[in-house]
Amino acid sequence: MDLIALAIPFFILALVVEWTYDRVRGTGFYRVNDAVNSISTGIMSTTFGYFTKFTSILIWGLVLQHVAVFDMPLAWFDASLRGIALWAIAALLWDLAYYWNHRLNHEVSVLWASHAVHHQSEDYNLSTALRQTSTGFLFGWIFYVPLFVIGFPIEVVVTVGAANLIYQFWVHTQVVRRLGVLDYIFVTPSNHRVHHAQNEQYIDKNYGGILILWDRLFGTFADEKDDDPVVFGVRKPLASWNPFWANLQVYDYLLFDAVRTRRWRDKIGVWFRRTGWRPPDVAAAYPKGQTASVEFEKFDPRISSAARHYVVLQFVIAIAASVVIGGIFATQGAAAVLLPCLLLWAQLLGMGLVNEGRRYAVPIEWGRLAGVSALLAGAWLTRTAATDTQWLQIGAAYVAISAGMLFRINNLKQ
């Protein structure tokens, strides 16, 4: 049972409720462009995961088969007192492993390159929770290997991991303020707002997933202060609505330094040393400044109303497409969704470029729509069933409506 898939309708409902609250109360927690980018990044992470998440399962399975200290049958994890205790231990150990995974994601440059995606949003709302990396599969699995060395079944570990992730969704909000004694035990919205801050006193604090006790135990806790309001985002802003660049930005920084430094130990060390460290020769030749939180201004390019309407259309279609693709993946596997995912990723890229007001965005979108049209024409000539015809008609309608709206964009900038 996929707990995250079951939770998606509740995520969407909560997003709608929070967005409505924001509009009615005028709190300013949401900007459409930022929320669209966060959710687009989440869509990209989910669909990219169809082709990468097998790596962790494969490695964990090998560890469980060949290295496990204890044989823990899945039947042990039932509704008995022993079973409940084992579930609780597994959840506790996952949360501890998550703490160290999360902490090192902030402290080691190559891990930060992946995790930074989640922190790039300069707003803080439930859409921020969906803003996830597409490259976490590279190293994230490492931190949970100890659970398989102990002998916990994969089904149990995956389930408690999903429950941990689902819990973290609700703490990405400014609507909920302080929660009294709960703030001392659990990761709450107040505690997690601190984690997403770029204020000096809040940097690299509050790493817990469910329990904030780990931060209190290991000295990484900071309390939210009324006299120091949280400034969200990162010190080196993304300044882009491009979901691909969101995933590649920090890797690009590290590669830049690795290529230009003279010493080989620095070429390697730049990836694995503390975040922010740069080879001395490169730092001297190519100095980089950081924006202090007191001087920070949100990235917020203004685009024309026609461009905004086009982005909204593409966003709605992208969400619908991601749901359809998820259903196909669940029944037919990764091979069946490769082409649909490529088309979806191209759509997300074009949508982001239009949202930024890039002058080359419209020509790129015309090219994308021409490519989609060519694929639809080829599929029409080889159709074999009535259902194929129905989907092709929907695709043709999408291209026609998109082209009509794109034709109305005379000027991207407002």
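Two exercises with solutions follow, on side chains in a predicted model.

**Exercise 1**

Describe the surroundings of Gln249: where does the residue lie, is Gln249 buried or exposed, and which residues is Gln249 in contact with?

*Solution*

1. Gln249 belongs to helix H12, which covers residues 243-260.
2. Check the accessibility. The relative accessible area of Gln249 is 3%; buried means under 20%, so Gln249 is buried.
3. List the contacts, leaving aside neighbours within four places in sequence. Gln249 is in contact with Gln120, Lys236, Pro237 and Leu238.
4. Look at Pro237 in detail. The Gln249 side chain reaches the backbone oxygen of Pro237 at 3.1 Å.
5. Compare sequence with space. Ala113 and Gln249 are separated by 136 residues in sequence, and their C-alpha atoms are 7.6 Å apart.

**Exercise 2**

Classify the aromatic pair Tyr99 and Tyr207: why is the pair edge-to-face, and which parts of the chain does the pair link?

*Solution*

1. Start from the whole structure, where a search finds 18 aromatic pairs.
2. Apply the geometry. The ring centres of Tyr99 and Tyr207 are 6.0 Å apart, and rings pair if their centres lie within 6.5 Å. Their planes stand at 80°; over 60 degrees counts as edge-to-face, so the pair is edge-to-face.
3. Locate the partners. Tyr99 is in helix H4 (residues 81-107), whereas Tyr207 is in the loop between helix H10 (189-195) and helix H11 (213-218). The pair links distant parts of the chain, 108 residues apart.
4. Check the accessibility. Tyr99 is buried, at 0% relative accessible area. Tyr207 is buried at 0% relative accessibility.

Terms used: Residues numbered from 1 in each chain as written. Predicted model: local features only at pLDDT ≥ 70, side-chain atom pairs only at ≥ 80, totals over all residues. Heavy atoms only, no water. Helix = DSSP H or I, 4+ residues; strand = E, 2+ residues; numbered from the N terminus. Buried < 20%, exposed > 50% of the residue type's maximum accessible area, 1.4 Å probe, protein only. Contact = heavy atoms within 4.5 Å. Polar contact = N/O pair within 3.5 Å; in protein donor to acceptor, adjacent residues only side chain to side chain. Phe/Tyr/Trp six-rings, centres within 6.5 Å; stacked < 30°, edge-to-face > 60°.
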